[in-house]
Amino acid sequence: MRKINEEGPFSMTIKESHEVTQHFNYKYRNMNPHQIDPYSYYPQNWFNEYHSNPVQSQHQFVDQSDYFYRHAQLTFVLVHGSWVDPFFWHGIAAELRKMGHVVHTPQLPGHGTDKDKNVTHEIITNSVVHYITSNKLKNIILVGHSFGGTVIQKVAEQLHDRIKRLVFWNAFVLNDGESLADQFPQQAQNFLLGLAGQSTNNTINLPFQYFREVFVNLADLQTARQIYNVTTPEPAAPLVEKLDLKTFYQLSTPRSFINLQEDTVVPAGEKYGWYPHIASRLGIFRFIQGNGDHMSTAKLYPRKVAQLIVNAGRD
């Protein structure tokens, strides 16, 4: 068959050229001119491999790479972090289920629809323990994001026989006797705990400008506001509790750490930062790295995060 551009490494048949043209024409013919997501204007499967657009999901081309993540069914329990609720996992959970996995997303006390902010770290831990045991879950991949890392540390102490692997996604791993607040420089501690002191119920309600610069630094302004508007004030008490983690550090449960490189919630430095400072506390662990910030990547690129979680959780 006659070749187009017969010289050079990028020659293609007329049929191949037609398929490429059809691919571009389809994308541009079906794009929404009012779509707020700037990435939707690009041919997603070429320039943005991991982008998942729920509005156009029924039109997406089959991505063969998904088959790689479907080879063995896993059971995930996803534990959210501060200022959010289980909806944080909505897109990621959907992508994991598309791959054939089982997904659970318990809500932590004092978060989401729970208006009672008078909670302790123990109350939060016991709620996850109860969720797992009452649903008779076994051989699970227990995933914690952010504050959720401290929760899965304590859950593992009670349910290590039900856990196949622990996955910390930019999550706090505390040393024995430390609190989450201890993981921040003194200036940041003063700022966050000062906000709790200004509240009437010992909660931390982040100012938008701080949230925008630190938690969703890769998002456009409109997306940042959308994510911020569904956050809720965070109970401060569990963040300052010193945790007894002696039992955790005696466990041999396999563990993984996922690090998104643009996540700036914990300032990077000699004594601070996600990796290697916090991650190295896990001892021997599987290290998975990607790109993204603390919160907006979960919303904008759920398939990307789901694939990282599978990489971190599988055998």
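I counted 12 helices and 10 strands in the protein chain; helices (H or I, at least four residues) and strands (E, at least two) are DSSP runs, numbered from the N terminus. I noted that this is a predicted model, in which local features need pLDDT of at least 70 and side-chain atom pairs count only at pLDDT 80 or more, while totals for chains, interfaces and linings use all residues. Residues are numbered from 1 along each chain as its sequence is written, and side-chain values use heavy atoms, with hydrogens and water left out.

**Entry 1: the whole chain.** I looked up burial, where buried means under 20% relative accessible area, exposed over 50%, and partly exposed in between (1.4 Å probe, protein chains only). Of the 315 residues of the protein chain, 51% count as buried. The chain exposes about 15,500 Å², and carbon and sulfur atoms supply 53% of that area; accessible areas come from the Shrake-Rupley method with a 1.4 Å probe, and for residues only the protein chains shown count as cover. I then looked up contacts (heavy atoms within 4.5 Å). Among those between residues at least 6 apart in sequence, 71% join residues at least 24 apart.

**Entry 2: salt bridges.** I found 7 salt bridges in the structure. A salt bridge is a side-chain nitrogen of Lys or Arg within 4 Å of a carboxyl oxygen of Asp or Glu.

- E157 pairs with K154, and their closest N and O atoms are 2.7 Å apart. Both residues lie in helix α5 (residues 148-159), 3 residues apart, or about one turn of the helix. Both E157 and K154 are buried.
- D244 pairs with K246, with 3.8 Å between the closest N and O atoms. Salt bridges that share partners join D176, D244 and K246 into one network. D244 is partly exposed, at a relative accessible area of 44%.
- E95 pairs with K98, and the closest N and O atoms are 3.4 Å apart. They are separated by about one helical turn, because they stand 3 residues apart in helix α3 (residues 90-98). E95 is buried at 4% relative accessible area, whereas K98 is partly exposed at 47%.

**Entry 3: helix α3.** Which residues of α3 are buried? I found I92, A93, E95 and L96. They cover an arc of only 160 degrees around the axis, so they are on the same side of α3; the arc is that of the directions from the helix axis to the C-beta atoms. These buried residues pack against β3 (75-79), β4 (102-104), β6 (163-171), α11 (296-300) and α12 (302-313). After α3 comes G100, whose phi is positive, near 100 degrees.
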